[in-house]
Amino acid sequence: MKKVLILGASGYVGSELFKSVNNIGGCNIMVLGNENIDYRLWESCDLITGGLGNFNLENLSRFSPDTIFHLARLKGEGRVGRYFASKKGRRYNVALKSFLSSNSLSPTLVYFSGTLLYGDKKNEIVNEDNEINPTSFARQYHIAETPWYESIDNENFTTIMLRLPWVVGNGSWFIGSYINYAVNHGYVPLYGDGANWMSLIDREDCCSLAIHLRKKVKEDSIINIFNPELIFRQIDFAEALSDVLGLKMKKVNISEYAWRDPALKEAMSFSLKVDTKHTNLYEGFTFMISDLELLIKRNLPTDLHGTD
């Protein structure tokens, strides 16, 4: 892994992945990030601004990456917005795949997907052999991913599809649906009865594990990313957050989310215990964070650090 291209490097996971790759040392890095990024953070790499749609594919020939980490997902508002964004994303991914094939480029492409693809599995333990039944946001976003599933065993480059669980970091769902809600309302929300299972992973661990798997995997693969020590019911997660913030926990009527976007309700009630059949690929990897309280504390906004 000497020449790495990161698509979507300015996003929630992509920005952390860039740090992790950059810290390895000895890597030439090209990144595609949005136009509003702080350029000072990317001085050490070949920075291209824009989105997947206006990314000049000739950059692939110029840079000739041995690794492509693909986190560039087009977003849309609501079910219809996500559908059209995903249809557009599919076209861009088809063009990217075709360019790699027609120009005899043979990198390892690592695509970041999610475990929402499996659907709501209640108390079931799920590995990569389970059939997919997309729920919530994945109902539409899966459309954009299909070219990469179709490339498995059919292309001259290696395709690794990673399925991520709930990634805990200072941003995204953790901040929006829990921390900001708790700060604004004075209590930690419990969505529904809290019986649903949440498979969690620290954002930095997620990125480090993705790099570890890239180095170990030699053939087309679908791999679940998760930390086996961080699988809890939502009520346990909310109680731990309540203890850390020093706020009471209160049940929130999850149906209130349906009028805004049914996908939000499905996401917050989604239940899944992630597992993997690729336990051999996890060998040699050590998770930095496997304690729930520590996971929460290290990912709080700076102004909430030290809250008891």
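This is a predicted model: local features need pLDDT of at least 70, side-chain atom pairs count only at pLDDT 80 or more; totals for chains, interfaces and linings use all residues.

Me: What is the order of the strands in the open sheet of 7 strands?
Reply: Elements are DSSP runs numbered from the N terminus: helices are H or I with at least four residues, and strands are E with at least two. Two strands pair if DSSP finds at least two bridges between them. Here the order is β3-β2-β1-β4-β5-β7-β11, and the pairing is parallel. Because β3 (46-49) and β11 (221-224) stand at the edges with a single partner strand each, one side of each has no neighbour in the sheet. From one strand to the next, the twist averages 15 degrees.

Me: How many bridges join β1 to β2, and which residue of β2 stands opposite L7?
Reply: Strand β1 (residues 3-7) is joined to β2 by 5 bridges, and the two run parallel. The residue of β2 opposite L7 is L32. Further along the sheet, β4 and β5 run parallel with 4 bridges between them, and T67 has T108 of β5 as its bridge partner.

Me: Which strands does α3 lie across, and at what angle does it run to β4?
Reply: Contact means heavy atoms within 4.5 Å. Axes are lines fitted to C-alpha atoms, for helices over the stretch in contact, and angles run from 0 to 180 degrees between N-to-C directions. Helix α3 lies across β1, β4 (67-70) and β5, and runs at about 175 degrees to β4.

Me: What is the order of the strands in the open sheet of 3 strands?
Reply: The order is β8-β10-β12, with mixed pairing. Its edges are β8 and β12 (231-233), each with a single partner strand, so one side of each lacks a neighbour in the sheet. On average, neighbouring strands of this sheet are turned by 40 degrees against each other, direction ignored. Strand β8 and strand β10 (residues 197-202) run parallel and are joined by 3 bridges; V167 has I201 of β10 as its bridge partner. Two helices lie across β8 and β10: α5 runs at about 85 degrees to β8, and α6 (residues 203-216) runs at about 75 degrees to β10.

Me: Where do S64 and K122 lie, and what is phi for each?
Reply: Most residues other than glycine have a negative phi. S64, in the loop between α2 (58-63) and β4, has a positive phi near 50 degrees. K122, in the loop between β5 and β6 (125-126), also has a positive phi, near 55 degrees. S64 is partly exposed at 37% relative accessibility, whereas K122 is exposed at 54%.

Me: How many residues line the largest pocket?
Reply: On a 1 Å grid over the protein atoms alone, a pocket is an open set of points where a 1.4 Å probe fits, with protein on both sides within 12 Å along at least five of seven lines; lining residues have an atom within 4 Å of a point. Grid points are joined across faces, edges and corners, and a volume is the space filled by probe spheres set on the points. The largest pocket holds about 1,600 Å³. Its lining has 46 residues, with Y12, R73, K75, Y141 and S172 nearest the centre. Elements giving two or more residues to this lining include β2 (28-33), α3 (78-102) and α5 (172-185).

Me: What is the volume of the second largest pocket?
Reply: The second largest pocket has about 170 Å³, and its lining includes S10, F18, D38 and W42.

How values were computed. Residues are numbered from 1 along each chain as its sequence is written. Side-chain values use heavy atoms; hydrogens and water are left out. Buried means under 20% relative accessible area, exposed over 50%, partly exposed in between (1.4 Å probe, protein chains only).
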